[in-house]
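Hi,

Here is the structure I promised to pass on.

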Amino acid sequence: MDTKLRGFVLSVYIVFGLPVITAHNDPSNKIMEDFSGYPIHEPQSQDSLLSLSVDSEGLQKQIDELSTLSETPAPSVTRILYSEKDVLARRFIKNLMGLSGLSVREDAVGNIFGRWDGDEPELAPVSTGSHIDAIPYSGKYDGVIGVLGAIEAINVLKRSGFKPKRSLEVIMFTSEEPTRFGISCLGSRLLAGSKELAELLKKTVDSQNISFFDAARFAGYANHLQDLTSVFLEKGSYSAFIELHIEQGPILEEEATSIGVVTAIAAPASIKVDFEGSGGHAGAVLMPMRNDAGLAAAELALAVEKFVLESGSIDTVGTVGILELHPGAINSIPSKSHLEIDTRDIDEKRRNVVIEKIHQSALSISENRGVKLSEFKIVNQDPPALSDDLITMAMESACQELNLTFRKMISRAYHDSLFMARISPMGMIFIPCYKGYSHKPEEFAAIEDIANGVRVLALTLAKLSLA
Ligand SMILES: [Zn+2]
């Protein structure tokens, strides 16, 4: 009998509704109970109970070491796309992937892939990953635990003797943060096949007027210039994509819950608005004669709040994060105003209703106040994403088998997963972080919580690999 086959069969049981074939007679092939660390239908030895152990010390060391590759001093982390530190950090990640026995590939913009071939490599792989770029003066966990944690999840599975059926792949996405070129989730948007972005990048420059392509070349990428369609992945390239991430909110920590199983990712829309009035002297121009661009902006900002609250859902949010007045003098009536509005929801229709109301309101404010609405631009309007049911079920049963508390939740920040959802069934695992802090040096996640996330990730990958 074929040795591969001999190792199989003997135990068929159901994991989240899908039959899973496992091996009992080959000591190098551990059965699913081993991965859960939990006896399911047969008592396991002490050793196998420990088989899903995370090298917490090693993982913490890696997190700390990666954080030193920063353009600002500790405890802050600043790692900008294609900078010298970014290049070093990429080398660090590729090296770790190599040490874990993964075959490493990079695409034209520097998305990095590390693959562990499964027994049936022709099947669509299961993938996991996140980003390691960091906005100025931020922390060392955002994104990082979803990359280093994913590599450690592979190590966990390898140490336990697991043999994947579908290949497993770790992805490090290029530029999740918009810091350098003003485009968030640059790598995952391109992977998901954004033709608009592939075009836009041809003429994109940073604040120093360095083109995207020159910057990429500095980091050793984009040699086949001008054709970024090579980065696109077809729908169905992966059977599943899972991202491990800190919550970036306070719920899990407040509730002392170990794991958040993300059911949906809210999607942002951003809008830029400009009003123009005639300005004038703050003393000389009488009130009935004014057309104050500043008051138009103020009125619109309050209208944004009103429309968001009118949606009736706690999941609808809106923020005017930028409000600028020109010329910005105490004794001058504002002649120009500029607003930037961010609105998000997990329900695309509901969010788009808010956008439409904001637009109508801007038009009527401009008419009533006699100011010109010189710009109303929807900068981006990404659709929200729902997690895949089979993946969330796999994550939930992983939590149960690992005896970890969990809750379903929404991701109000968005992630590379939002774009991966366009080409693959998607799920996200959240872990608690201190006070929900993120994007600042105080960002912190306890290694115990990270290790729990890694175990849930490892077990979920194992289940999906065999599915
Ligand atoms: Zn992130």
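How many helices and strands are there in the chain? There are 15 helices and 17 strands, taken as DSSP runs numbered from the N terminus (helices are H or I with at least four residues, strands are E with at least two). Bear in mind that this is a predicted model, where local features need pLDDT of at least 70, side-chain atom pairs count only at pLDDT 80 or more, and totals for chains, interfaces and linings use all residues. Residues are numbered from 1 along each chain as its sequence is written.

The part I looked at is an open sheet of 4 strands, ordered β12-β13-β11-β14, with antiparallel pairing (two strands pair if DSSP finds at least two bridges between them). β12 (317-326) and β14 (372-381) are at the edges with a single partner strand each, so one side of each has no neighbour in the sheet. Between β12 and β13 (residues 336-345) there are 9 bridges, and Val320 has Ile341 in β13 as its bridge partner.

Most peptide bonds are trans, and most residues other than glycine have a negative phi. His326 and Pro327 are joined by a cis peptide bond, with omega about 5 degrees, and Pro327 sits in the loop between β12 and β13. Ala74 and Pro75 are also linked by a cis peptide bond; Pro75 is in the loop between α4 (56-68) and β3 (77-79).

Tyr137, in strand β7 (residues 134-138), has a positive phi near 55 degrees. Ala256 has a positive phi of about 55 degrees too, and lies in the loop between α10 (251-255) and β10 (259-265).

Cheers
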